[in-house]
Amino acid sequence: MSKVTDAFANGKAFIPFLTAGDPSLEKTEDYILELEKAGADLIEIGIPFSDPIAEGVVIQEADLRALKGGTTTDGIFEMVTSVRSKTQIPLVFMTYLNPVFHYGYERFFARCEEVGINGIIIPDLPYEEKGELLEIARAHGVDVISLIAPTSEQRIQKIASDAEGFIYLVSSMGVTGMRSEIKTDLKSMIDAIRSVTDVPIAVGFGINTTEQAGKIAGMADGVIVGSAIVKMIAKYGAHAEQHIYAYVRMMKEAVRQSEK
């Protein structure tokens, strides 16, 4: 079993996201440790990119702040090295193909293995084109996590059949961001996925309330929350610890309650 899949071993998983370097890499490290303390089971670390096409305005602005502040991929790897001296919680990068390609696939995934990154999510990597990258990532023990969107209906089972780590099920059409209501028929998508694989399914995009988290956790194996946390960090900057802790604690409890 992969380290990423291990995150689901003790029940429903809560997976928070934050953008590396916003407001600084030092604070990103602090916030990762705070997320774990609050109950996170796996943490997604966003590598900022200048053209994040899957992201809404909240994460776009966080990416720009991080890049303007001088955040680099090498700097993020160094931050993860420091994090790993303090925790073994599963860590997954979320980024775009361009930064990985320019860093060099072999060099990038060798560095992931060295610092202890367990998986990667690349929203703009087409399923049909992941072959070369997938082989290199696997050679370095990094799960390439598949995304399944509502538009993937005809290909759900194909994508799910060779998924690893966990499956990132996109809750809604469009980009990331908080939504008041999630209307996608997630249950039928989850049923289709589960007919071909036992890999855990976590749902993300738009989730920001305890009610949403509890409802979705009742169907899926995990819940992913990004924009709500990134927005909190944007508001409180270098003083967001207690706010992040209280929010994640509350969301984790909602996820846990869904198991009863």
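The following legends describe several close-up views of a predicted model.

**View 1**
Nine strands build an open sheet with parallel pairing, in the order β5-β4-β3-β2-β1-β9-β8-β7-β6. The edge strands are β5 (143–145) and β6 (147–148), each of which pairs on one side only. Strand β6 pairs with strand β7 (residues 167–170) in the parallel sense over two bridges. Within this pairing, Leu147 has Tyr168 of β7 as its bridge partner.

**View 1. Strand β3 and the strands on either side.**
Strand β3 pairs in the parallel sense with β2 over four bridges. Three bridges join β3 to strand β4 (residues 119–121), and these two strands also run parallel. Met94 can be followed across both pairings: Met94 of β3 is the bridge partner of Gly46, and Ile121 of β4 is the bridge partner of Met94. Which residues show that both faces of β3 are covered? Leu91 and Phe93 are buried on one side, and Val92 and Met94 are buried on the other.

**View 2. Helix α4 between the sheet and helix α2.**
Helix α4 packs on the sheet, where it touches β2 (43–46) and β3 (91–94). The direction of α4 makes about 165° with that of β3. Helix α4 (residues 73–84) also packs with helix α2 (residues 25–38). Two packed helices are described by the angle between their axes and the distance between the axes. For α2 and α4, the angle is about 35° and the axes are 10 Å apart. The crossing of these two helices is right-handed. On the α2 side, the contact is made by Leu25, Thr28, Glu29 and Ile32, which meet Gly75, Ile76, Met79, Ser82 and Val83 of α4. By type, the residues of this contact are five nonpolar, three polar and one charged. An α-helix has 3.6 residues a turn, so residues three or four places apart point the same way.

**View 3. The packing of helices α6 and α7.**
The axes of α6 and α7 come within 9 Å and cross at roughly 35°. This crossing is right-handed. Tyr105, Glu106 and Phe109 of α6 meet Glu132, Leu133, Ile136 and Ala137 of α7. The contact of α6 with α7 comprises five nonpolar residues, no polar residues and two charged residues.

**View 4. The buried residues of helix α7.**
Helix α7 (residues 131–139) has Leu133, Leu134, Ile136 and Ala137 among its residues, and these four are buried. What covers the buried residues of α7? The covering elements include α5 (97–103), α6 and β5. Just after α7, Gly141 takes a positive phi of about 75°.

Cys112 lies in helix α6 (residues 105–115). Is Cys112 buried or exposed? Cys112 counts as buried because its relative accessible area is 0%, which falls under the 20% cut-off. Leaving aside residues up to four places away in sequence, Cys112 touches Phe77, Phe93, Ile117 and Val142. Pro48 is 64 residues from Cys112 in sequence, and the C-alpha atoms of the two residues are 16 Å apart in space.

Most residues other than glycine have a negative phi, and most peptide bonds are trans. A cis peptide bond joins Asp22 and Pro23, with omega about 10°. Pro23 is placed in the loop between β1 (13–19) and α2. Phe205 is not a glycine, although its phi is positive, at about 85°. Phe205 is found in the loop between β8 (201–204) and α10 (210–217). With a relative accessible area of 7%, Phe205 is buried.

**View 5. Confidence along the chain.**
The chain averages a pLDDT of 92, and 95% of the residues score at least 70. Over which residues does pLDDT stay under 50? This applies to residues 174–183, for which the model has 36 contacts beyond four places in sequence. Where pLDDT is low, the predicted coordinates should not be read in detail.

Terms used
Residues are numbered from 1 along each chain as its sequence is written. This is a predicted model: local features need pLDDT of at least 70, side-chain atom pairs count only at pLDDT 80 or more; totals for chains, interfaces and linings use all residues. Side-chain values use heavy atoms; hydrogens and water are left out. Axes are lines fitted to C-alpha atoms, for helices over the stretch in contact, and angles run from 0 to 180 degrees between N-to-C directions. A crossing is left-handed if the near helix is turned anticlockwise from the far one by less than a right angle, and right-handed if clockwise. Contact means heavy atoms within 4.5 Å. Ala, Val, Leu, Ile, Met, Phe, Trp, Tyr, Cys and Pro count as nonpolar, Asp, Glu, Lys and Arg as charged, and the others, Gly among them, as polar. Two strands pair if DSSP finds at least two bridges between them. pLDDT is the predictor's confidence in each residue, from 0 to 100. Buried means under 20% relative accessible area, exposed over 50%, partly exposed in between (1.4 Å probe, protein chains only).
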